[in-house]
Amino acid sequence: MDTKAFDMLSSIYPEDISFLKEDEPFRFLASVLLSAQTRDDYVNAVTPVLWSRFPDVHELACADIHEIEEIIHSLGFFHTKARNLKALASEIDARGGAIPSSIEELVRLPGVGRKTANCYINHINAAPAVIVDTHFMRVAKRLGYAHGNSPEEVEMEIRDGFDSSIWSRMSMVLNLHGRKYCHARKPDCAGCPVHDYCKSRQDESGLK
Ligand code: SF4
(Lines give C-alpha, C1' and ligand atoms only; values in the text may rest on other atoms or scores of the structure.)
Protein backbone atom coordinates (compact mmCIF):
# COMPACT_ATOMS: atom_id res chain seq x y z
CA MET A 1 0.00 0.00 0.00
CA ASP A 2 1.16 3.55 -0.71
CA THR A 3 2.71 4.96 2.45
CA LYS A 4 3.50 8.50 1.19
CA ALA A 5 1.19 10.22 3.67
CA PHE A 6 2.46 8.15 6.58
CA ASP A 7 6.10 8.68 5.54
CA MET A 8 5.59 12.43 5.42
CA LEU A 9 3.80 12.53 8.78
CA SER A 10 6.45 10.31 10.31
CA SER A 11 9.15 12.74 9.21
CA ILE A 12 7.25 15.66 10.75
CA TYR A 13 6.22 14.34 14.15
CA PRO A 14 8.74 13.74 16.97
CA GLU A 15 10.44 10.36 17.30
CA ASP A 16 9.35 9.90 20.86
CA ILE A 17 5.59 10.26 21.18
CA SER A 18 4.19 9.07 24.47
CA PHE A 19 0.88 10.04 25.94
CA LEU A 20 0.77 8.24 29.28
CA LYS A 21 3.57 8.96 31.73
CA GLU A 22 4.14 5.53 33.23
CA ASP A 23 6.90 3.01 32.63
CA GLU A 24 6.35 0.44 35.37
CA PRO A 25 4.41 -2.45 33.72
CA PHE A 26 1.40 -2.75 36.03
CA ARG A 27 1.03 0.99 36.43
CA PHE A 28 1.17 1.45 32.67
CA LEU A 29 -1.45 -1.25 32.08
CA ALA A 30 -3.68 0.33 34.73
CA SER A 31 -3.19 3.78 33.22
CA VAL A 32 -4.29 2.59 29.78
CA LEU A 33 -7.36 1.02 31.36
CA LEU A 34 -8.15 4.34 33.05
CA SER A 35 -7.61 6.32 29.84
CA ALA A 36 -10.75 4.96 28.13
CA GLN A 37 -13.06 7.80 27.08
CA THR A 38 -10.93 10.49 28.64
CA ARG A 39 -7.78 12.49 27.98
CA ASP A 40 -4.36 11.09 28.75
CA ASP A 41 -3.29 14.27 30.55
CA TYR A 42 -6.21 13.82 32.96
CA VAL A 43 -5.01 10.26 33.65
CA ASN A 44 -1.45 11.52 34.15
CA ALA A 45 -2.78 13.95 36.76
CA VAL A 46 -4.75 11.29 38.67
CA THR A 47 -2.40 8.29 38.71
CA PRO A 48 0.23 9.81 41.05
CA VAL A 49 -2.53 10.19 43.66
CA LEU A 50 -3.62 6.59 43.09
CA TRP A 51 -0.07 5.20 43.41
CA SER A 52 0.69 7.23 46.48
CA ARG A 53 -2.39 5.75 48.18
CA PHE A 54 -1.95 2.20 46.77
CA PRO A 55 1.74 1.81 45.93
CA ASP A 56 1.66 -1.80 44.73
CA VAL A 57 -0.59 -4.35 43.08
CA HIS A 58 -1.44 -6.15 46.32
CA GLU A 59 -2.58 -2.97 48.06
CA LEU A 60 -4.75 -2.04 45.09
CA ALA A 61 -6.21 -5.55 45.01
CA CYS A 62 -7.20 -5.17 48.69
CA ALA A 63 -8.40 -1.58 48.35
CA ASP A 64 -11.84 -0.31 49.30
CA ILE A 65 -13.53 0.18 45.94
CA HIS A 66 -15.16 3.42 47.10
CA GLU A 67 -11.75 4.86 47.83
CA ILE A 68 -10.57 3.97 44.31
CA GLU A 69 -13.74 5.53 42.89
CA GLU A 70 -13.14 8.72 44.81
CA ILE A 71 -9.60 9.06 43.46
CA ILE A 72 -10.46 8.34 39.81
CA HIS A 73 -13.85 10.07 39.86
CA SER A 74 -12.80 12.83 37.43
CA LEU A 75 -11.90 10.32 34.70
CA GLY A 76 -15.51 9.33 34.01
CA PHE A 77 -17.08 5.84 34.05
CA PHE A 78 -15.50 5.62 37.47
CA HIS A 79 -17.70 2.78 38.80
CA THR A 80 -16.71 0.49 35.94
CA LYS A 81 -13.09 1.64 35.89
CA ALA A 82 -12.69 1.15 39.65
CA ARG A 83 -14.25 -2.30 39.45
CA ASN A 84 -12.01 -3.31 36.53
CA LEU A 85 -8.93 -1.82 38.15
CA LYS A 86 -9.45 -3.70 41.40
CA ALA A 87 -10.23 -6.92 39.50
CA LEU A 88 -7.13 -6.44 37.34
CA ALA A 89 -4.96 -5.88 40.40
CA SER A 90 -6.44 -8.99 42.06
CA GLU A 91 -5.71 -11.10 38.99
CA ILE A 92 -2.13 -9.87 38.66
CA ASP A 93 -1.60 -10.21 42.41
CA ALA A 94 -2.83 -13.83 42.22
CA ARG A 95 -0.23 -14.42 39.48
CA GLY A 96 2.51 -13.17 41.79
CA GLY A 97 2.76 -9.89 39.92
CA ALA A 98 3.44 -11.50 36.53
CA ILE A 99 1.75 -9.78 33.58
CA PRO A 100 1.19 -11.82 30.42
CA SER A 101 3.14 -10.77 27.35
CA SER A 102 0.84 -11.78 24.48
CA ILE A 103 -2.23 -9.95 23.22
CA GLU A 104 -4.26 -13.17 23.41
CA GLU A 105 -3.49 -13.57 27.13
CA LEU A 106 -3.73 -9.88 27.97
CA VAL A 107 -7.28 -9.55 26.61
CA ARG A 108 -8.42 -12.21 29.09
CA LEU A 109 -7.58 -9.88 31.97
CA PRO A 110 -10.39 -7.78 33.52
CA GLY A 111 -11.01 -4.55 31.63
CA VAL A 112 -8.31 -5.21 29.04
CA GLY A 113 -9.37 -4.94 25.40
CA ARG A 114 -7.27 -5.11 22.24
CA LYS A 115 -6.34 -1.42 22.32
CA THR A 116 -5.06 -1.70 25.88
CA ALA A 117 -3.23 -4.95 25.09
CA ASN A 118 -1.59 -3.45 21.99
CA CYS A 119 -0.59 -0.34 23.93
CA TYR A 120 0.96 -2.51 26.62
CA ILE A 121 3.03 -4.77 24.36
CA ASN A 122 4.22 -1.76 22.42
CA HIS A 123 5.24 0.39 25.36
CA ILE A 124 6.45 -2.25 27.82
CA ASN A 125 7.70 -5.03 25.54
CA ALA A 126 8.73 -2.84 22.59
CA ALA A 127 6.79 -5.23 20.35
CA PRO A 128 5.12 -4.19 17.07
CA ALA A 129 1.52 -3.16 17.76
CA VAL A 130 -1.41 -1.56 16.00
CA ILE A 131 -3.12 0.69 18.54
CA VAL A 132 -6.57 1.62 17.31
CA ASP A 133 -8.24 4.41 19.21
CA THR A 134 -10.78 6.89 17.92
CA HIS A 135 -8.09 9.22 16.46
CA PHE A 136 -6.16 6.46 14.72
CA MET A 137 -9.30 4.90 13.29
CA ARG A 138 -10.56 8.20 11.87
CA VAL A 139 -7.25 9.18 10.26
CA ALA A 140 -6.50 5.68 8.92
CA LYS A 141 -9.88 5.62 7.23
CA ARG A 142 -9.59 9.14 5.82
CA LEU A 143 -6.17 8.36 4.38
CA GLY A 144 -7.57 5.18 2.81
CA TYR A 145 -5.41 2.87 4.92
CA ALA A 146 -8.43 1.07 6.34
CA HIS A 147 -12.15 0.85 5.70
CA GLY A 148 -13.56 -1.26 8.53
CA ASN A 149 -16.19 -0.02 10.92
CA SER A 150 -14.84 -1.55 14.10
CA PRO A 151 -11.47 -1.05 15.81
CA GLU A 152 -10.71 -4.74 15.40
CA GLU A 153 -11.42 -4.67 11.64
CA VAL A 154 -9.17 -1.61 11.26
CA GLU A 155 -6.43 -3.25 13.33
CA MET A 156 -6.49 -6.35 11.11
CA GLU A 157 -6.45 -4.27 7.91
CA ILE A 158 -3.37 -2.40 9.09
CA ARG A 159 -1.70 -5.65 10.18
CA ASP A 160 -2.41 -7.19 6.78
CA GLY A 161 -1.59 -4.13 4.71
CA PHE A 162 1.63 -2.85 6.24
CA ASP A 163 4.94 -4.25 7.39
CA SER A 164 5.08 -4.84 11.14
CA SER A 165 8.14 -2.59 11.35
CA ILE A 166 5.92 0.48 10.92
CA TRP A 167 2.83 -0.53 12.95
CA SER A 168 3.87 1.12 16.19
CA ARG A 169 5.13 4.29 14.58
CA MET A 170 1.99 4.50 12.45
CA SER A 171 -0.14 4.09 15.58
CA MET A 172 1.54 7.05 17.28
CA VAL A 173 1.79 9.30 14.23
CA LEU A 174 -1.80 8.87 13.02
CA ASN A 175 -3.06 9.31 16.56
CA LEU A 176 -1.15 12.56 16.96
CA HIS A 177 -2.24 13.76 13.53
CA GLY A 178 -5.85 13.16 14.48
CA ARG A 179 -5.41 15.29 17.59
CA LYS A 180 -3.58 18.11 15.79
CA TYR A 181 -5.18 18.41 12.36
CA CYS A 182 -7.58 15.66 11.41
CA HIS A 183 -10.29 16.47 13.93
CA ALA A 184 -13.53 14.52 13.87
CA ARG A 185 -15.87 17.38 13.02
CA LYS A 186 -13.71 20.05 11.44
CA PRO A 187 -10.43 18.70 10.11
CA ASP A 188 -7.88 21.39 9.30
CA CYS A 189 -7.36 20.18 5.75
CA ALA A 190 -6.06 23.53 4.53
CA GLY A 191 -3.17 23.38 7.00
CA CYS A 192 -2.67 19.62 6.84
CA PRO A 193 0.80 18.58 5.65
CA VAL A 194 -0.56 15.55 3.78
CA HIS A 195 -3.37 17.43 2.09
CA ASP A 196 -2.05 16.50 -1.37
CA TYR A 197 -2.03 12.77 -0.60
CA CYS A 198 -5.41 12.57 1.10
CA LYS A 199 -8.48 11.50 -0.84
CA SER A 200 -10.71 12.67 2.00
CA ARG A 201 -9.40 16.23 2.09
CA GLN A 202 -12.09 18.74 2.67
CA ASP A 203 -13.34 20.89 -0.15
CA GLU A 204 -15.85 23.70 0.22
CA SER A 205 -18.71 21.26 0.60
CA GLY A 206 -17.07 19.18 3.32
CA LEU A 207 -15.07 15.94 3.44
CA LYS A 208 -15.07 14.19 0.04
S1 SF4 B 1 -6.32 16.39 4.42
FE2 SF4 B 1 -7.94 16.65 5.97
S3 SF4 B 1 -8.97 14.65 6.07
FE4 SF4 B 1 -6.98 14.33 5.05
S5 SF4 B 1 -5.57 13.75 6.72
FE6 SF4 B 1 -5.40 15.95 6.45
S7 SF4 B 1 -6.83 16.85 7.95
FE8 SF4 B 1 -7.37 14.67 7.67
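# Burial, packing and backbone in a helical model

Student: What covers the buried residues of helix H1?

Tutor: The cover includes helix H11 (167–180). Cover here rests on contacts, meaning C-beta atoms, placed from the backbone, within 7 Å of each other. Note two conventions. This is a predicted model: local features need pLDDT of at least 70, side-chain atom pairs count only at pLDDT 80 or more, and totals for chains, interfaces and linings use all residues. Residues are numbered from 1 along each chain as its sequence is written.

Student: Which residues of H1 are buried?

Tutor: In H1 (residues 4–12) they are Ala-5, Phe-6 and Leu-9. Buried means 20 or more other C-beta atoms within 10 Å of the residue's own; exposed means 12 or fewer; partly exposed lies in between. Helices are DSSP runs (H or I, at least four residues), numbered from the N terminus.

Student: Why do the buried residues of H1 line one face?

Tutor: Seen down the axis, they fall within an arc of 95°, so they line one face of H1. The arc is taken over directions from the helix axis to the C-beta atoms. Lys-4 and Ser-11 are exposed and sit on the face turned away from the buried side.

Student: What puts the buried residues of H5 on the same side?

Tutor: The residues are Ile-68, Ile-71 and Ile-72, in H5 (residues 65–72). Their arc is only 85° around the axis, so they share a side of H5. An α-helix has 3.6 residues a turn, so residues three or four places apart point the same way. The buried residues of H5 pack against H2, H3 and helix H6 (78–94).

Student: What makes H2 mostly covered?

Tutor: Seven of its 10 residues are buried. They are Phe-28, Leu-29, Ala-30, Ser-31, Val-32, Leu-33 and Leu-34. H3, H5, H6 and H8 are among the elements covering them.

Student: How do H2 and H8 cross?

Tutor: The axes of H2 (residues 25–34) and H8 (residues 114–123) come within 10 Å and cross at roughly 145°. Axes are lines fitted to C-alpha atoms over the stretch in contact, with angles from 0 to 180 degrees between N-to-C directions. The crossing is right-handed. From H2, Phe-28, Leu-29, Val-32 and Leu-33 meet Thr-116, Cys-119, Tyr-120 and His-123 of H8. That contact has six nonpolar residues, two polar and no charged. Nonpolar covers Ala, Val, Leu, Ile, Met, Phe, Trp, Tyr, Cys and Pro; charged covers Asp, Glu, Lys and Arg; the others, Gly among them, are polar.

Student: Where is Asp-41, and is it buried or exposed?

Tutor: Asp-41 is in H3. Its count is 12 other C-beta atoms within 10 Å, so Asp-41 is exposed. Asp-41 and Leu-20 are 21 residues apart in sequence and 7.4 Å apart in space, C-alpha to C-alpha.

Student: What is the phi of Gln-37?

Tutor: Gln-37 is not a glycine, yet its phi is positive, about 60°. Most residues other than glycine have a negative phi. Gln-37 is in the loop between H2 and H3. With 11 other C-beta atoms within 10 Å, Gln-37 is exposed.

Student: What is the phi of Phe-77?

Tutor: Phe-77, also not a glycine, has a positive phi of about 45°. Phe-77 lies in the loop between H5 and H6. Its 13 other C-beta atoms within 10 Å make Phe-77 partly exposed.

Student: Which residues come nearest the ligand?

Tutor: Of the 15 residues around the ligand, the nearest are Cys-182, Pro-187, Cys-189, Cys-192 and Cys-198. A residue counts as near if its C-beta atom, placed from the backbone, lies within 6 Å. By class, the shell has nine nonpolar, three polar and three charged residues.

Methods: Helix = DSSP H or I, 4+ residues; strand = E, 2+ residues; numbered from the N terminus. Left-handed = near helix turned anticlockwise from the far one by under 90°. Contact = placed C-beta atoms within 7 Å.
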